Amino acid sequence: GEWRGDEGTLTEHFDYYDGQKQKRVWTIKRLADNRYEGRADDIIGKATGGVAGNAAQWSYVMDLPVGDTTYKIT
């Protein structure tokens with residue numbers, strides 16, 4: 001990932017056991033008091049989180065495709 005000012009981009013690459021591959025690109029914005037929010041194509045609404053020391057917490061709802069169905073998971 002990379003940061004420019006208070007905005008960052010993080011790219012994740014996933015390789016699944018069944019051979020499928022997935023890429024998720026996050027756009028993250030730094031807010032006040034070590035809080036962050038982010039968006040990605042398969043995330044419903046926005047993700048929210050924070051940082052304290054060397055720990056980070058990130059919460060979101062995601063559309064997860066499994067076969068012919070899509071599940072909303074947190």
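Biologist: Why is Arg30 called partly exposed?

Modeller: Arg30 has a relative accessible area of 33%, and the classes are buried under 20%, exposed over 50% and partly exposed in between, with a 1.4 Å probe and protein chains only. The model is a predicted one, in which local features need pLDDT of at least 70, side-chain atom pairs count only at pLDDT 80 or more, and totals for chains, interfaces and linings use all residues. Residues are numbered from 1 along each chain as its sequence is written, and side-chain values use heavy atoms, with hydrogens and water left out.

Biologist: How do you know what confidence the predictor places in the chain?

Modeller: The score is pLDDT, the predictor's confidence in each residue, from 0 to 100. The chain averages 94, and 100% of its residues score at least 70. By element, the mean is lowest in strand 6 (residues 55-66), at 92, and highest in strand 4 (residues 35-39), at 97.

Biologist: What makes up the secondary structure of the chain?

Modeller: There are 0 helices and 7 strands, where helices (H or I, at least four residues) and strands (E, at least two) are DSSP runs numbered from the N terminus. The C-alpha trace spans about 40 × 20 × 20 Å along its principal axes.

Biologist: What makes the contact between Arg30 and Asp6 a salt bridge?

Modeller: The definition asks for a side-chain nitrogen of Lys or Arg within 4 Å of a carboxyl oxygen of Asp or Glu. For Arg30 and Asp6 the N to O distance is 4.0 Å, so the pair meets the definition at its limit. Asp6 is partly exposed, at 44% relative accessible area. The two residues lie 24 apart in the chain, Arg30 in strand 3 and Asp6 in the loop between strand 1 (2-4) and strand 2 (7-15).

Biologist: Which distances place Glu37 with Lys46, and Lys72 with Asp63, in the class of salt bridges?

Modeller: The closest N and O atoms of Glu37 and Lys46 are 3.1 Å apart, and those of Lys72 and Asp63 are at 3.5 Å; both values are within the cut-off, so both pairs count. Lys72 is exposed, at 62% relative accessibility, whereas Asp63, at 27%, is partly exposed. Salt bridges that share partners also join Glu12, Arg24 and Asp42 into one network, and the whole structure has 7 salt bridges.

Biologist: Why is a group of residues here called a nonpolar core, and which residues belong to the largest one?

Modeller: A nonpolar core is a set of buried Ala, Val, Leu, Ile, Met, Phe, Trp, Tyr and Cys residues joined through side-chain atoms within 4.5 Å. The largest has 7 members: Trp26, Ile28, Tyr36, Ala40, Ile43, Ala47 and Met62. Strand 3 (21-30) and strand 5 (43-52) are the elements that give two or more residues to this core. Over the chain of 74 residues, 18% count as buried.

Biologist: What makes Trp58 partly exposed, and which residues does Trp58 touch?

Modeller: Trp58, in strand 6, has a relative accessible area of 30%, which is not under the limit for buried, so the residue is partly exposed. Contact means heavy atoms within 4.5 Å. Leaving out residues up to four places away in sequence, Trp58 touches Trp26, Ile28, Tyr36, Glu37, Gly38, Ala47, Thr48 and Gly49. The C-alpha atoms of Trp58 and Thr48, 10 residues apart along the chain, are separated by 5.8 Å.

Biologist: What makes a space a pocket, and how much space lies in the largest pocket?

Modeller: On a 1 Å grid over the protein atoms alone, a pocket is an open set of points where a 1.4 Å probe fits, with protein on both sides within 12 Å along at least five of seven lines, and lining residues have an atom within 4 Å of a point. The largest pocket holds about 260 Å³, a volume being the space filled by probe spheres set on the points, which are joined across faces, edges and corners. Its lining includes Tyr16, Tyr17, Leu64 and Pro65, and strand 6 gives the most to that lining, with 3 residues.
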